[in-house]
Amino acid sequence: MALFEMLQSERRPGYRQIVDVIATAIENGGIKLGEQLPTQRELAHRMKVAVATVGRAYAELDARGLITSHVGRGTFVSGSSLADGRYLPLQPNTELGPIDMAVYRVPVPPFGDEVMRGVLTDLAAREPALVLAGSPTAGSERHRAVLAKWLKRQGVHVSPDQLTITNGGQHATMAALSTLTHHGDLIATEELTDPRMKAVASYLDRRLLGISCDEQGMIPSALEKGCREHRVAALYCAPRLQNPFNVTLPADRRAALVEIARRFDMPIIENDIYGTILNDPVPPIFALAPERTYYLTSLGRLAGPGLKVGCLVSPLDQGSRAQAGVGMSTGTATSICVEVAATLIEGGHLDRMAEWQAQENLRRTDLMATFRHLSAARIHPASPHAWISLPSPWRAEDFVDAAAQRGVAIAPTHGFVADRRSIPHAVRLCVGAPATLNLVDAAFRQLERLLSSAPRSSVEAA
């Protein structure tokens, strides 16, 4: 086999030399995709090294995503084994198409068909007119009461009069920004924030002020500095599972942000779209400052993207103002969609769906933790996202391009930057986006290989 000849130059190769020779041979085509490697014992005998040395080398190559071992079959050059036994190459696979880790498409829980069949059958029997009926701007009193009761589990204790039902979370964001701020106003937010929030702010002609963050989220002293230097109209933040940093603010940070908002008399828009999947004992910002906080979330993150039902909770005396924002944008949510959401809540189905989403994300983050480099990412067991600081000399744009060449789509990091600050050398992965765990594994192996290497331009420059 050619591999033995490649290793002959090393009189007594260590595991690192074996790794380098095999990796280089795979890269330049000296060892072909799908080719079977010798067993550890055979290679150790031929090279006159310990079996443990070869085992360590093979383990490193597997961690990089260069080889795959199968009990009873052997070790092969491959990116990842798929369910039907085929192999995903280290180069793009036109048959499968790119593996999307750029945009989170909420999966529908596998028991959704059974649940929805019962919900829709019951709805047709009870109130068929709801299929075509309209609803008040804020939503019906019954629907608002059901959602208010559900929100208590999130630590948001409100009356139904404070709640306005929206067409999803982005609609709630638009309603809040359009009613609380004006043309040209400056809104403080995390230095990297959700691109959809950026899109809404841009559409409404609002400006964003990025506030520095660390591993615990937004830094209170940075917010205070921003408020002293600028006229800030509102604070927009995501205290739980913030996208893209994937951090959850501890209690003292939440309290500190509230104190600053009170001192500068700023309203707070609290985005909890991802937080409802958590069992978080820390009170939300709304619970700390109900007089100035506008809380928003979406049920579609739990049940599936087709459930376009969100809600915007306002301070006690500001409900009509929020309703005006909903009415002058996309209008009210459809009665049938909200009735489905209410039935899912009342029947306990939404809680089951939330638990399923959390468990599915846990399976993916557990898999991520088995990779040497990917395991350093900032993850949360219940989160569909991961935040990865890239090793030198990788830059975010180079890594995104290199991943795309290997069939993995990642959102460009500059799309999250709130203002004109520098783009960090990091990327956000939607680990919850691929349809199956096999595809997640395939993508992780491709990305692990990239993280184990240097950008091609850096190699060429060297």
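User: Is C337 buried or exposed, and how do I read that?

Analyst: Go by relative accessible area: under 20% is buried, over 50% exposed and in between partly exposed, with a 1.4 Å probe and protein chains only. C337 has 14% relative accessibility, so C337 counts as buried. C430 is buried too, with a relative accessible area of 0%. Across the protein, 54% of the 462 residues count as buried.

Keep in mind that this is a predicted model, where local features need pLDDT of at least 70 and side-chain atom pairs count only at pLDDT 80 or more, while totals for chains, interfaces and linings use all residues. Residues are numbered from 1 along each chain as its sequence is written, and side-chain values use heavy atoms, leaving out hydrogens and water.

User: How many disulfides are there?

Analyst: A disulfide here is a pair of cysteine sulfur atoms within 2.5 Å. By that rule, the count is zero.

User: At what angle do α16 and α17 cross?

Analyst: Helices are DSSP runs of H or I, at least four residues, numbered from the N terminus. Axes are lines fitted to C-alpha atoms over the stretch in contact, with angles from 0 to 180 degrees between N-to-C directions. Here α16 (residues 396-405) and α17 (residues 437-451) have axes that come within 10 Å and cross at roughly 135°.

User: Which residues meet there?

Analyst: Contact means heavy atoms within 4.5 Å. From α16, F399, A402 and A403 meet L447, L450 and L451 of α17.

Note on methods
Helix = DSSP H or I, 4+ residues; strand = E, 2+ residues; numbered from the N terminus.
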